[in-house]
Amino acid sequence: MDKLQYDSLYKFLVSLGIILIALPIAALVYLLNSEPILISQSDFDALSEYSQQMIGHRDSITTYFIDIFPWFGGIFICLGVLFLGYGIYKWTSVQKNLDKKLDAEATMQTLSLMEMSAKEVEAKVEEEVSEETSAETVDEPPPISEDTHLCQINRYKEIEDLCYNYFTAKYSRNYTFKQNIRMGKYHCDFIGVSKKDNIDLLVEVKYWKSPVSISGRLKEVLYRLFDAGVNYETIAHRNFTLLVVIVTTKEQLPRLEGLVETHMKHFDNRILNKLDVKCIAEEAL
């Protein structure tokens, strides 16, 4: 390192540490390579008084420096090792955080390329509304008007957007989010890219106004989201955790929470270890 690095405090400490270690070594090399003044007594006596004094001063300074060199060298080397070690430790920590930030930014760019089109989002929501309508009726669901169907779709999209705003605000300190991501044959309502490590959050939102017979539906959602997470690992080269958000009415919330707690006990541990399920009343969003 040919000069002090002032662009970072920790780089400066590393530079200073190296200089403090190098100074005693350079001084020792200088002393070992310096040639003593060899002069006979007659030549010395022939010198002027000023020259004799200068030679005497030089000898005194050299003798004094040799006497204190072990202390001087030891202190400088100890301080140098201290500054060097602390600077490297903190510099490494800063670099790790920078690497995490750059990795997260690269992942966000990848997710931008995987965002669903408006047409794909519309088709996804329409499919989920149809699944919810079918689940609410034991027999074949009665026909509904086009306006009613459109209102259901719009409400479902509104719930997804409300959940996105709610959880992005709640987890903004730890994650940066992207909405409506497609990963091959799978999709995810939104993904939070971690700012602290390589474990990202995959979120699926379900709007179940009548949480009846949720066992099969919940199992399908969880396994599909887990498979999406495995696919995400392959694409983004990052780990994942899962969050399933189930929105219902305030009146149905206690029942939904009880059903979810009951059925969660029967799922595979490989999924449960990565999973969190939150039940929320739509009125709270």
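How many bridges join β4 to β5? Seven, and the two strands run parallel.

## Model and conventions

This is a predicted model: local features need pLDDT of at least 70, side-chain atom pairs count only at pLDDT 80 or more, and totals for chains, interfaces and linings use all residues. Residues are numbered from 1 along each chain as its sequence is written, and side-chain values use heavy atoms, with hydrogens and water left out.

## Overall build

The protein has eight helices and five strands. Helices (H or I, at least four residues) and strands (E, at least two) are DSSP runs, numbered from the N terminus. Along the sequence the pattern reads α-α-α-α-α-β-β-β-α-β-α-α-β.

Of the 285 residues, 33% are buried. Buried means under 20% relative accessible area, exposed over 50%, and partly exposed in between (1.4 Å probe, protein chains only). Among contacts (heavy atoms within 4.5 Å) with a separation of 6 or more, 68% link residues 24 or more positions apart. The protein exposes about 17300 Å², of which carbon and sulfur atoms supply 58%. Accessible areas come from the Shrake-Rupley method with a 1.4 Å probe; for residues, only the protein chains shown count as cover.

## The sheet

Five strands form an open, mixed sheet in the order β1-β2-β3-β4-β5. The edge strands are β1 (175–183) and β5 (275–281), each pairing on one side only. Two strands pair if DSSP finds at least two bridges between them. Neighbouring strands are turned by 25 degrees against each other on average, direction ignored.

β1 pairs with β2 (residues 186–194) in the antiparallel sense, over eight bridges. Here Met183 stands opposite Tyr186 in β2. Helix α7 (residues 253–264) packs on the sheet and touches β4 (239–248) and β5. The direction of α7 makes about 165 degrees with that of β5. Axes are lines fitted to C-alpha atoms, for helices over the stretch in contact, and angles run from 0 to 180 degrees between N-to-C directions. Five of the seven residues of β5 are buried. Val247 stands opposite Ile280 in β5.

## Helix α3

Helix α3 spans residues 49–113 and includes Thr107. Thr107 counts as buried because its relative accessibility is 5%. Beyond its neighbours within four places in sequence, Thr107 contacts Val193, Asp200, Tyr232, Ala236 and Arg238.

Leu79 also lies in α3. At 35% relative accessibility, Leu79 is partly exposed. Trp71, Ile75, Leu79 and Leu82 make a nonpolar surface patch of about 470 Å². Patches are made of residues with over 30% relative accessible area and no salt bridge: like charges are joined within 9 Å, nonpolar side chains (Val, Leu, Ile, Met, Phe, Trp, Tyr) within 5 Å.

## Salt bridges

There are twelve salt bridges in the structure. Each is a side-chain nitrogen of Lys or Arg within 4 Å of a carboxyl oxygen of Asp or Glu. Glu115 and Lys178 meet at 3.9 Å, N to O. Glu115 lies in the loop between α3 and α4 (118–136) and Lys178 in strand β1, so the pair ties together parts 63 residues apart in sequence. Glu115 is partly exposed at 40%, whereas Lys178 is buried at 19%.

Arg155 and Glu158 form another bridge, with the closest N and O atoms 3.1 Å apart. They are three residues apart in helix α5 (residues 146–170), so about one helical turn separates them. Lys278 and Asp276 meet at 3.4 Å, N to O. Salt bridges that share partners join Lys124, Glu160 and Asp189 into one network.
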